[in-house]
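Hi,

Here is the structure I promised to pass on.

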Protein chains: 2
Amino acid sequence: MERFAFALLNKDSGTSARRGRMLTPRGAIETPIFMPVGTQGTVKGLLPEALKDIGAQIILANTYHLFLRPGHETVRRLGGLHAFMNWELPILTDSGGFQVFSLGELRRITEEGVVFQSHLDGSRHLLSPELSIEVQQALGADIIMAFDECIPYPATRDYVAQSTQRSTRWALRCKQAFRGEAGQALFGIVQGGMFPELRRQSSEELQEIGFDGYAVGGLSVGEEASLMYEAMESTLPLLPEDRPRYVMGVGTPENLVEGISRGVDMFDCVMPTRNARNGVLFTSFGKISIKQARYAEDSQPIDPACGCYVCRHYSRAYLRHLYQSGEILASVLNTHHNLHYYLNLMAEARRAIENGQFTEFRRDFYHRRETQDS
Amino acid sequence: MERFAFALLNKDSGTSARRGRMLTPRGAIETPIFMPVGTQGTVKGLLPEALKDIGAQIILANTYHLFLRPGHETVRRLGGLHAFMNWELPILTDSGGFQVFSLGELRRITEEGVVFQSHLDGSRHLLSPELSIEVQQALGADIIMAFDECIPYPATRDYVAQSTQRSTRWALRCKQAFRGEAGQALFGIVQGGMFPELRRQSSEELQEIGFDGYAVGGLSVGEEASLMYEAMESTLPLLPEDRPRYVMGVGTPENLVEGISRGVDMFDCVMPTRNARNGVLFTSFGKISIKQARYAEDSQPIDPACGCYVCRHYSRAYLRHLYQSGEILASVLNTHHNLHYYLNLMAEARRAIENGQFTEFRRDFYHRRETQDS
């Protein structure tokens with residue numbers, strides 16, 4: 001069984017951008033990479049073939065949702081999540097922590113784990129570090145995340161310190177519970193809120209435990225972009241250069257470009273898929289809302305500079321019609337385009353880093369947004 | 001411009017089943033054929049590529065819906081419905097009559113046409129035979145249907161006689177309004193309810209006007225299957241052998257097999273697509289409801305005898321999970337399978353007629369339903 005590995009291929013001279021390659025039992029992943037979110041065992045609206053067609057190398061699935069329905073033991077008996085959903089490339093699972101902590105009134109934190117009530121049927125469960133790892137292993141994820149608390153923003157220093165300490169103790173329990181029998185990787189998650197010294201402490205203690213990769217958690221939780229970038233800047237240099245760095249739940253195309261320039265290798269976010277279902281489309285010149293009346297007879301593709309299947313075959317007028325009519329195909333086509341936009345942006349960033357032109361790429365990215373009009 | 005034509009290729013010796021070929025400006029259509037319904041300019045949930053992959057040769061679009069949204073002039077300005085929806089194979093449009101008459105309180109019939117209120121915004125419109133043809137020509141349909149009243153069931157003989165007479169007068173006006181500049185075909189629709197002599201009168205008068213094909217309307221409106229088959233038996237022999245015969249809005253797989261054996265060449269129905277979205281799937285052994293708990297850990301495909309994309313890649317357990325989770329992909333995959341089932345049934349029927357084995361095909365069709373269990 002080939003073990004997970006990461007190779008750093010290129011470093012940009014003008015920024016902290018890096019070009020790397022992860023090796024997993026299910027194939028290589030070129031970084032920086034964006035991971036489409038497939039919450040319930042499907043990236044909403046897209047067939048696996050379409051996902052591959054637009055260059056998805058790895059997708060993310062949600063432990064919380066699959067634990068509750070259809071249940072990880074069911075998925076295990078059916079051959080694991082890859083077979084279940086017909087996706088043979090790598091899968092990263094989150095730990096379930098983010099969703100559980102989002103339940104608000106429906107959950108209670110103890111040292112043992114989090115007691116929560118299902119949003120589906122109100123049933124009570126305890127999600128512990130050990131169970132989170134067990135579920136992720138049953139699903140057959142290639143990259144498994146440690147169970148942590150995603151700290152809300154704002155939060156007091158006291159709360160952040162205590163929560164981060166507990167997440168570190170949980171991370172150790174995750175490491176002990178993790179078997180990695182199928183060559184999987186286990187990633188730790190740095191917390192510490194917006195407090196640089198707590199981020200430092202968290203990252204040091206996690207490195208003592210030792211993980212295959214390191215995530216920065218607790219970002220994109222309502223803070224301003226400048227604060228998010230500060231947290232990246234204070235945390236990423238503390239992480240080992242020879243391990244992949246993953247900023248969770250981020251973000252806009254701008255966040256991605258800024259993240260890459262600060263040394264991030266991996267991203268995930270529901271933004272391209274959720275926005276697609278709401279008729280908001282990403283283009284090289286910024287976002288557009290396809291429901292606007294101005295597109296009713298617009299025969300242009302979403303983005304004339306885009307080469308995706310949707311832009312090659314469909315007009316803004318047709319996409320507006322589908323959206324206005326509540327047609328399933330609106331979600332299908334919009335999701336296809338938005339994920340292509342995100343994945344293509346990553347592919348262009350990788351090429352730019354390889355060619356030593358990341359600074360030009362980044363300048364160009366902003367220039368097109370400022371000067372072009374739909 | 002090649003003109004619409006129909007060639008009768010084979011006749012079954014044991015039944016009235018026929019194997020034919022329609023030639024349209026957008027290619028040949030092998031009959032008997034089922035036409036998937038694409039009400040609002042999309043077959044709900046399926047990409048055009050998937051439709052072609054499962055053997056769709058022609059689809060149906062609804063004049064009423066496209067007239068109201070996005071509007072036929074908009075579609076015309078955008079290059080016609082084929083370009084608008086990225087479907088280059090033939091399209092048949094209905095006349096709008098069926099939907100307008102289904103509006104109940106919201107419509108009033110006059111000799112001129114039908115005054116109705118839009119189900120979208122309550123706006124008032126008059127749909128006349130001339131406007132129906134104009135809209136269908138603006139959409140660029142390859143087969144255009146005459147505007148008629150789809151008579152409800154049950155109805156008195158008096159009402160059926162008067163309505164059928166009016167539909168005949170409207171059919172003449174349709175013929176006069178029809179230009180067929182792009183080689184399109186115009187089909188007349190036989191009415192007459194469940195009264196054989198009114199059906200006979202309608203079919204004779206329509207043939208005097210002269211159409212490229214003949215439909216049997218007013219079936220599948222709540223009558224028993226035996227009555228539907230009687231109406232087919234009394235009407236189809238009255239129609240010219242050298243023109244295609246289309247039974248509108250029919251039906252179940254059983255209805256299709258029985259229709260073919262009585263000489264029907266063309267069918268359309270929302271059943272495979274609508275049922276798919278409700279989790280009801282067609283198989284060689286009958287219908288199944290994928291939401292049933294018995295499928296929760298069933299690793300089999302929907303139908304082990306089916307070779308479609310869905311049955312090759314997904315288990316009943318996964319499809320049940322998608323349905324229970326309200327995922328878009330449930331509709332996409334279920335629709336793909338159901339339409340493949342319908343289209344493959346037609347392909348098998350065509351082969352059976354060619355090989356002089358239609359009676360065996362029909363016996364086999366029922367045998368599998370009676371003896372096999374899911």
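Which side chain of chain B meets A:Lys44 in a salt bridge? The partner is B:Glu327, at 2.6 Å from N to O; a salt bridge here is a side-chain nitrogen of Lys or Arg within 4 Å of a carboxyl oxygen of Asp or Glu.

Before the rest, some ground rules. This is a predicted model, in which local features need pLDDT of at least 70 and side-chain atom pairs count only at pLDDT 80 or more, while totals for chains, interfaces and linings use all residues. Residues are numbered from 1 along each chain as its sequence is written, chains are lettered from A in the order in which they are written, and side-chain values use heavy atoms, with hydrogens and water left out.

Between chain A and chain B the count is four salt bridges. Contact (heavy atoms within 4.5 Å) links 38 residues of chain A with 39 residues of chain B. The buried area, meaning the accessible area (1.4 Å probe) that two parts lose on being put together, summed over both, is about 3,100 Å², and carbon and sulfur atoms give 57% of that. On the chain A side, A:Glu297, A:His321 and A:Ile328 lose the most area to chain B, together 19% of what that side buries.

Now to A:Thr283. This residue is buried, with a relative accessible area of 0% (buried means under 20%, 1.4 Å probe, protein chains only). Beyond its neighbours within four places in sequence, A:Thr283 is in contact with A:Ile288, A:Ile302, A:Asp303, A:Tyr341 and A:Arg369.

Best wishes

Methods
Buried < 20%, exposed > 50% of the residue type's maximum accessible area, 1.4 Å probe, protein only.
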